[in-house]
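Dear colleague,

I am passing on the structure below, together with some notes on what turned up when I went through it. Please keep it open beside the text while you read.

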Amino acid sequence: MIKVASYNIHKGIGLDRRRDPMRVLDVLREIDADVIALQEADRRFGAKACVIPLHMLEDHSPWKAVPFGARAGSMGWHGNVVLVRKDALVIDSEAIHLPALEPRGAVMADVRVNGVAVRIVGMHLDLSGLWRRKQANTITSHVDACATPHPTVMMGDLNEWSAGSGCLRDFGKDYAFAATGPSFHVRRPVARLDRIMVSRDVRVVAAGAHQSAAARKASDHLPIWAVLETA
């Protein structure tokens, strides 16, 4: 079994309007997942460096960032980062270019964790429903075209407010949704903007939204998690 998590870290800025990457790492350590997808992990302006400095990740966490060949200072692609345990094997990784009016992207990594090879896709989809559906189809088509199949976990901030339409219907054709519950807004979570989706050869053992005191301060989203078992 493996534990995965997804977290929109809001560029490291908490409800107190302070940027505090160590606070984000504190929340991630509470969840203690094997694989983590982060969204909004880059600064908005300037060099758009990752808000969690690489030395801080190395010195104060059990994870490493999957490389995607991005710009210097950034761990991922368009703010999407995948973290895995330091003893995990990264088999392959690549960025997925998404159709969008504003800069958007997704990332995909094949990793071996706890002796199991899984395909991880991290994403942060558009605010527009039309573009979200185009992006969902681009992502699923990209995964379907991979030469080597793996049990697949897709996760991220889908920005989808509906209960089951739009891009949720597109993803739902081939993927099941973990029952993580609402994650936004952290003050009063009512929307399930953040999602974990798994291919049919993956079973969701447990899932939820992490609602610790630290998580309620570190971002405007709650992190979500799921424990998974592959067939």
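**Salt bridges and their surroundings**

Asp 32 has a relative accessibility of 41% and therefore counts as partly exposed, where buried means under 20% relative accessible area, exposed means over 50%, and partly exposed is what lies in between, using a 1.4 Å probe and protein chains only. Before going further, please note that this is a predicted model, in which local features need pLDDT of at least 70 and side-chain atom pairs count only at pLDDT 80 or more, while totals for chains, interfaces and linings use all residues. Residues are numbered from 1 along each chain as its sequence is written, and side-chain values use heavy atoms, with hydrogens and water left out.

The side chain of Asp 32 meets that of Arg 85 in a salt bridge, at 3.0 Å from N to O; the term stands for a side-chain nitrogen of Lys or Arg within 4 Å of a carboxyl oxygen of Asp or Glu. This pair links distant parts of the chain, since Asp 32 sits in the loop between α1 (21–31) and β2, whereas Arg 85 belongs to strand β4 (residues 81–85), 53 residues apart. Helices (H or I, at least four residues) and strands (E, at least two) are DSSP runs, numbered from the N terminus. Arg 85, with a relative accessible area of 16%, is buried.

By this rule the count comes to 11 salt bridges. Another of them joins the side chains of Asp 170 and Arg 133, at 2.8 Å from N to O, and this pair too links distant parts of the chain, with Asp 170 in helix α4 (residues 167–172) and Arg 133 in helix α3 (residues 129–144), 37 residues apart. Asp 170 counts as buried because its relative accessibility is 7%, while Arg 133, at 35%, counts as partly exposed. Salt bridges that share partners also join Asp 16, Arg 18, Asp 20 and Arg 23 into one network. Arg 119 and Asp 110 form a further salt bridge, at 2.7 Å from N to O, and both of these residues are buried.

At the start of α1, a side-chain oxygen of Asp 20 reaches to within 3.3 Å of the backbone nitrogen of Met 22. Within the helix, the buried residues include Pro 21, Val 24 and Leu 25, and α1 is followed by Asp 32, whose phi is positive, near 60°.

Ile 52 lies in the loop between β2 (35–39) and α2 (54–60) and is buried, with a relative accessible area of 2%.

**The open sheet**

Finally, 6 strands form an open sheet in the order β5-β6-β7-β8-β10-β9, with mixed pairing; two strands pair if DSSP finds at least two bridges between them. Because β5 (89–97) and β9 (175–177) stand at the edges, each with a single partner strand, one side of each is left without a neighbour in the sheet. The partner of β9 is strand β10 (residues 194–199), and the two pair in the antiparallel sense over 3 bridges, with Phe 177 standing opposite Met 197 in β10.

Technical notes. Polar contact = N/O pair within 3.5 Å; in protein donor to acceptor, adjacent residues only side chain to side chain.
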